[in-house]
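Reader: Hey, I've just opened this one up for the first time. Could you walk me through it?

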Amino acid sequence: MILFSLRRFIGFAVTLLVAALVIFWLLDLLPGDPAQFVLGINATPESVARLRLQMGLDVPAPERFVGWIWGMLGGDFGVSYTQRAPVSELIWGRLGVTLPLSVFAMVISVVVGLPLGILAARRRGKPLDTVVMIVAQTGIAIPNFWFGMLLTLLFAVTLRWLPPGGFTPWHENPGAAFRGLILPSLALALPQASILARVMRTALVDVTSQDYIRTARAKGLTLGQAVWRHGVRNALLPVLTILGLQFAFLVAGTIIVENVFYLPGLGRLILTAILERDLILVRGATIILILAVTATMLLTDLAYALVDPRLRERSA
Amino acid sequence: MNTITKAIGLALALSTALAGVAMAQSTEVRIGVALEPPTLDPTAGAAEAIDIVVYQNIFEGLTRIDEAGAVQPGLAESWTISDDGLTYTFKLHDGVTFHDGSTFDAEDVKFSFDRILAEDSVNAHKEFYEPISSVTVVDPLTVEMKLDRQIGRFLFDLGRGDAVIVAPESADNNANQPIGTGPFAFLQWDKGSRVILEAYQPYWGEPVHLTKATYVFISDTATLTNALLAGDIDGTNNFGQEALGVFEGNPQFTILAGTTEGETILGTNNRKAPFDNLKVRQAMAHALDRQAIIDGATYGYGTPIGSAFAPHNAYYVDLTGTYPHDVAKAKALLAEAGYPDGFSATLKLPPLAYASLSGQIIASQFAEVGIKLELINVEFAQWLEDVYTNKDFDLTIISHVEPFDIGNYANPDYYFGYDNPEFQALIETLNGTTDEAKRKELAIQAQTILADDAVNGYLFQLPQTGVWNAKLTGMWKDSPIEGLVLRDIRWAE
């Protein structure tokens with residue numbers, strides 16, 4: 001187990017380093033001078049040159065890369081070109097929206113997706129199964145920004161139950177902050193819930209035909225009892241993997257959903273930073289996202305090993 | 001099912017009551033704007049988004065620009081100009097305080113201009129103020145400025161967001177905690193979300209009608225539409241023309257269609273053959289059908305222009321008839337210039353909706369006279385590098401959004417490379433003239449030279465189309481200077 005964890009952990013660190021290198025290199029390849037971009041078309045060449053110097057763009061790339069990595073190890077992500085504030089501070093300020101948003105969306109997708117999947121599996125081939133699967137297929141097909149728009153039109157414009165977007169900080173009014181996250185979490189959760197429902201259904205259907213279910217039935221359990229006691233737990237393994245992978249999609253989804261609902265989250269920060277060529281902010285925020293995603297993968301792997309002893313033994 | 005719906009509705013209604021949502025009261029306003037400012041210091045950045053929030057609301061200058069683009073007294077209640085036009089003496093308003101309670105006086109004026117002119121100044125338009133050779137405090141309410149050469153539009157430049165008066169104690173923190181003398185004081189900035197201003201009670205000037213103004217940052221047009229329809233915001237200063245149809249004929253909203261300072265041009269590389277040939281440029285001008293471009297790119301809201309000047313300006317002269325749309329004439333001119341079969345060229349387009357839409361229309365209009373355009377879409381940073389810095393382009397489309405930017409044509413190194421000594425001398429005379437009638441005459445001459453020379457293709461003035469709650473009044477229709485001035489905005493009884 002220790003060896004397994006260690007190996008996973010080294011993989012995690014290497015992934016991060018490679019990702020950092022790729023991000024740095026790709027953004028460095030982008031054409032255009034960030035200093036000119038910040039100052040616009042009426043700036044004098046002297047002020048552009050001065051800003052280039054201030055931004056540290058005169059230093060060769062390898063040196064800047066090492067400095068960047070070294071700074072991040074000490075928690076220093078650099079200072080944003082456009083907002084003139086430390087990147088770490090900017091990112092930290094946005095987590096109060098993106099983190100709850102992703103967690104809500106995750107919870108909704110599990111709470112809605114798994115029971116629907118189980119229900120469909122239990123009624124396999126019946127009309128309910130068909131309906132659930134059609135709904136799930138539609139849910140996967142609908143882009144979440146569009147679904148978000150539909151939600152706004154219904155609940156904010158027509159019914160006026162919920163705000164169409166925007167965010168009141170938690171410390172100011174927790175009720176309003178929560179209300180502001182309801183529609184975006186729903187929009188974000190829909191495709192995830194649909195995927196989970198499908199995976200859960202398939203996994204459970206697979207499991208139901210396994211020998212151990214038959215054995216359980218032979219020992220006198222009803223099919224429902226057998227599936228519940230032995231089936232669901234085994235079917236959860238593939239679901240767990242998917243759940244880990246989905247986190248990455250959720251994070252990507254926040255970029256779009258936060259813009260549709262004008263929420264001050266990390267996704268919106270990144271989009272603005274890209275549009276304004278704030279490379280240091282883009283790099284910092286991307287690394288944080290990669291860290292979050294790879295850390296989730298690592299945890300999923302470890303959790304998987306805990307749930308499934310076979311995996312542990314084989315890798316060790 | 002019905003009970004469940006009701007229960008959810010009740011629960012949400014209850015939480016609405018508890019949350020006490022910011023429904024617009026009679027003295028508060030929530031305004032949606034597209035871009036969030038990077039900082040809130042207008043003296044340290046070129047971004048228009050800064051001025052939208054702070055200009056004339058939080059910060060004020062010695063003069064201020066009104067809705068018609070004219071200069072009005074600001075913190076200076078009056079001024080005298082010496083006969084040689086080199087010494088300006090400003091009489092300052094008495095009883096003005098900054099939002100932190102400190103008193104405004106001549107020392108603050110001196111500090112603000114010394115700061116603009118300092119070696120390490122980060123002011124985006126330092127060049128406008130560089131002719132100032134000294135700022136002297138005569139007494140607490142009198143300031144004398146000496147210039148080393150005449151600048152005809154000096155009083156206008158003093159009214160720009162770049163020249164607002166800041167206090168020495170607070171200037172360094174203005175980026176995040178702006179403190180000015182304006183009718184609205186900064187209350188709070190939730191980064192990524194909104195900026196809240198509240199009326200400053202001991203304001204020295206005419207009291208304003210609003211008690212609170214919230215700027216909400218929404219960049220997507222569809223989202224903005226929903227926010228307006230749901231009543232989350234009471235208006236927006238510039239709404240995408242393509243979606244205005246939603247609000248046309250809706251009695252709850254007013255559409256304010258006006259102009260901005262943005263002259264949209266078909267930027268032409270005058271250094272390069274065949275565009276260095278006047279006949280070719282004239283042919284291109286004849287090939288352009290402005291109305292079709294305006295209809296296609298701005299949904300009819302743009303105003304046609306015939307030179308590099310804003311139609312709402314007092315010095316404007318209508319030159320749109322200089323080279324009317326005439327395909328036969330365009331072909332004849334091309335033949336005279338030695339291109340009877342036309343030629344091929346590239347059109348580099350920045351990622352702006354008006355540019356890509358205009359580009360396609362122009363390409364088809366040019367095709368009719370035999371000019372084949374290859375459209376190249378580039379990212380904005382790439383556009384800056386290729387077109388603006390390296391001048392590596394044939395044609396481009398861009399809007400020049402600064403007030404009085406006709407002076408760019410006197411710079412032969414500017415990207416379109418127009419080098420006309422006669423024009424350069426004219427601009428120099430214009431800059432050195434303070435007499436209004438004389439200035440107007442010179443400005444008209446300058447516009448006419450550019451139109452005759454067909455330096456660039458002059459397309460249209462970028463429109464500003466605000467959508468506002470029908471009960472709101474006092475918003476500016478035109479935008480002669482970057483800003484969204486809250487001073488006169490009020491709810492109708």
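This is a predicted model: local features need pLDDT of at least 70, side-chain atom pairs count only at pLDDT 80 or more; totals for chains, interfaces and linings use all residues.

Reader: Which residues of domain 1 of chain B lose the most area to domain 2 of chain B?

Author: Those are B:Thr43, B:Ile179 and B:Trp204, which together make up 31% of what the domain 1 side buries.

Reader: Okay, back up a bit. Where do the domains of chain B run?

Author: Domain 1 of chain B is made of 3-55 + 175-259 + 464-491. Domain 2 covers 63-171, and domain 3 covers 260-463.

Reader: And how many Å apart are the C-alpha centres of domains 1 and 2 of chain B?

Author: They lie 29 Å apart. As for contacts, 24 residues of domain 1 of chain B meet 29 residues of domain 2 of chain B.

Reader: How many salt bridges are there between domain 1 and domain 2 of chain B?

Author: The count there is one. In chain B, B:Asp41 forms a salt bridge with B:Arg115, and their closest N and O atoms are 3.2 Å apart. There are also 10 residue pairs in polar contact across the interface of domains 1 and 2 of chain B. On the domain 1 side, the touching residues split into 14 nonpolar, five polar and five charged.

Reader: Switching topic: how much area is buried between chain A and chain B?

Author: About 3,700 Å², and carbon and sulfur atoms give 53% of it. Chain A puts 40 residues into the contact and chain B puts in 49.

Reader: What's the count of salt bridges between chain A and chain B?

Author: Two salt bridges. A:Glu172 forms a salt bridge with B:Arg194, with the closest N and O atoms 3.0 Å apart. For polar contacts, nine residue pairs turn up across the interface of chain A and chain B.

Reader: Which elements give two or more residues to the side of chain A that touches chain B?

Author: Four helices of chain A: H2 (34-39), H7 (144-158), H8 (174-208) and H10 (223-260). H7(A) gives the most to that side, with five residues.

Reader: And how do the residues on that side of chain A divide into nonpolar, polar and charged?

Author: The side of chain A that touches chain B has 20 nonpolar, 10 polar and 10 charged residues.

Terms used:
Residues are numbered from 1 along each chain as its sequence is written. Chains are lettered from A and ligands numbered from 1 in the order in which they are written. Side-chain values use heavy atoms; hydrogens and water are left out. Domain bounds come from an automatic or database domain assignment. Contact means heavy atoms within 4.5 Å. Buried area is the accessible area (1.4 Å probe) that two parts lose on being put together, summed over both. A salt bridge is a side-chain nitrogen of Lys or Arg within 4 Å of a carboxyl oxygen of Asp or Glu. A polar contact is a pair of N or O atoms within 3.5 Å; within protein, one must be able to donate a hydrogen and the other to accept it, and residues adjacent in sequence count only if both atoms are side-chain atoms. Ala, Val, Leu, Ile, Met, Phe, Trp, Tyr, Cys and Pro count as nonpolar, Asp, Glu, Lys and Arg as charged, and the others, Gly among them, as polar.
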